Amino acid sequence: MEDLLKKIENGRATVGVIGLGYVGLPLAAVFHRSGLKVRGYDVDERKVTLLSEGKSYIKHIGVDVVKDLSDSIRFQATTKLEDLAGVDIYVMCLPTPLGTHEEPDMSYVFGTSELIAKQLMGNQLFVLESTTYPGATDTDVLRILTKDNQLEVGTDLFLAFSPERENPAGSGDEAVETSIIPKLVGGVDESSGVLAAALYRCGGFKNVVKVKSARIAECSKLLENSFRVVNIALVNELKLVFEKMDVDIWEVLDAAETKPFGFKRFNPGPGVGGHCIPIDPFYLTWKAKEVGQRSEFIEISGRVNASMPSRIVDKVQLALNDVGKAVKGSKVMLIGIAYKPNVDDCRESPALKIWELLLDLQAAISYHDSFIPKVPKTRTHKRLEGVESVAISEEILSQQDAVVIVTDHDNIEYDMFKRVTCPVIDTRNRLRRLKGINVVLA
Ligand SMILES: NC(=O)c1ccc[n+]([C@@H]2O[C@H](COP(=O)([O-])OP(=O)(O)OC[C@H]3O[C@@H](n4cnc5c(N)ncnc54)[C@H](O)[C@@H]3O)[C@@H](O)[C@H]2O)c1
């Protein structure tokens, strides 16, 4: 442990980052900037090639960040796991989605851990950053990493969990630089915790918070995201309640927000999306069942949020009905399909659910989203894959039977909606200040 600690503290350690996506790429950049040697591994050849050429494939990660990596002899991107043999530290940032029955899908993490186990040499640290259920690190990952070798955790293999708290810039959010977000670490034993804390402290993180165990760090991540899912569900539900009472939730929120303590604002919307909020809390509900306990708040919140897309479709149906049209055959344009404003990520986006529901009703759908020029491959929306974004103008909007603002990116000229004559269903209240247009708040 002492040798590895010295190596980390002297900046001589080599870090292997497994998975160079939204989490792994900025993390590799922070480690590299602090002077560490970094090898990045990803199965996606396109990403590795772009990275080697100094090109970014994530919108909010600037070309300068990627060029810094590609121009450096301290960084190597590879599609071969063998190239990581001999690194001092593995940091795993692989996907942890849900399976078809909303159970954790740990196949990426477990499968790659099995491969890594074969190349472990001892005196190495392994940190899991992928969100997971409590106990995944100190039971399942530990078992896989030590199954077929003589390594002992806490003596010659060190194991920790450190949750990712990436905040891709969205509307109302400031993009937060990865290195200044407090970095939580918890080891499966004391030595592992000390080494993991040293890694992030020496690896460029300004504020490292070491907690007692990997489980505490795992649960903290789940609590943080459950907090969001429950509060978003609460305002989504209250929106429906207030609507029936002819009260505008947005005005209520403005009023409540004047309270300087004990209140945190969440806005209603078309549902939740992204790789975290719709998924992570269900890792907890799944694990809770195993110990004979239900996490009902999370389950109910999940149901409320999941029902929002069909509420929006009801609004579209009613708005079309008001102008004497059926959904079937109507031209409906979706504005913004990313899961939140100003990001190029449409994983689990409610826009895709709204789109599918409208397709089921035989509407003719097009979309505009300059952040997502083409619908990528997704877990559940195969029908939509490859569809391309269309341009918008007053003329194009005027040719629609209805327009739905699902995600309000800041780069859209909202003034042009003033002259649109078809119903505009606004799920984000973006058009609130524009007078005289045919807006339906949804
Ligand atoms: N995106 C976020 O803002 C965010 C925030 C907090 C936590 N997380 C968590 O971090 C983890 C990673 O999420 P992400 O958003 O970076 O995912 P991502 O899909 O952007 O990145 C994962 C990367 O892993 C690669 N990959 C897939 N299988 C692989 C394999 N077997 N071997 C090597 N590479 C492989 C993919 O090509 C991809 O580049 C997840 O557990 C997620 O829940 C994400």
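Select Gln 400 and display the residues around it: leaving aside neighbours within four places in sequence, Gln 400 is in contact (heavy atoms within 4.5 Å) with Lys 331, Val 332, Met 333, Ser 366 and Cys 422. Gln 400 sits in the loop between helix H13 (394–398) and strand S11 (402–405); helices (H or I, at least four residues) and strands (E, at least two) are DSSP runs numbered from the N terminus. The residue is buried (under 20% relative accessible area, 1.4 Å probe, protein chains only), with a value of 9%.

This is a predicted model, in which local features need pLDDT of at least 70 and side-chain atom pairs count only at pLDDT 80 or more, while totals for chains, interfaces and linings use all residues. Residues are numbered from 1 along each chain as its sequence is written, and side-chain values use heavy atoms, with hydrogens and water left out.

Next, select helix H8 (residues 214–244) and helix H9 (residues 249–256), whose axes (lines fitted to C-alpha atoms over the stretch in contact, with angles from 0 to 180 degrees between N-to-C directions) come within 9 Å and cross at roughly 120°. H8 is therefore oblique to H9, the class left once angles under 35, over 145 and from 65 to 115 degrees are assigned elsewhere. Show Val 235, Leu 238, Lys 239 and Phe 242 of H8 with Ile 249, Val 252 and Leu 253 of H9, which make the contact. Just after H8, centre on Asp 246, where phi is positive at about 60°.

Finally, select Val 91, which touches Phe 31, Leu 199 and Tyr 200, among others, not counting residues up to four places away in sequence.

Technical notes:
Buried < 20%, exposed > 50% of the residue type's maximum accessible area, 1.4 Å probe, protein only.
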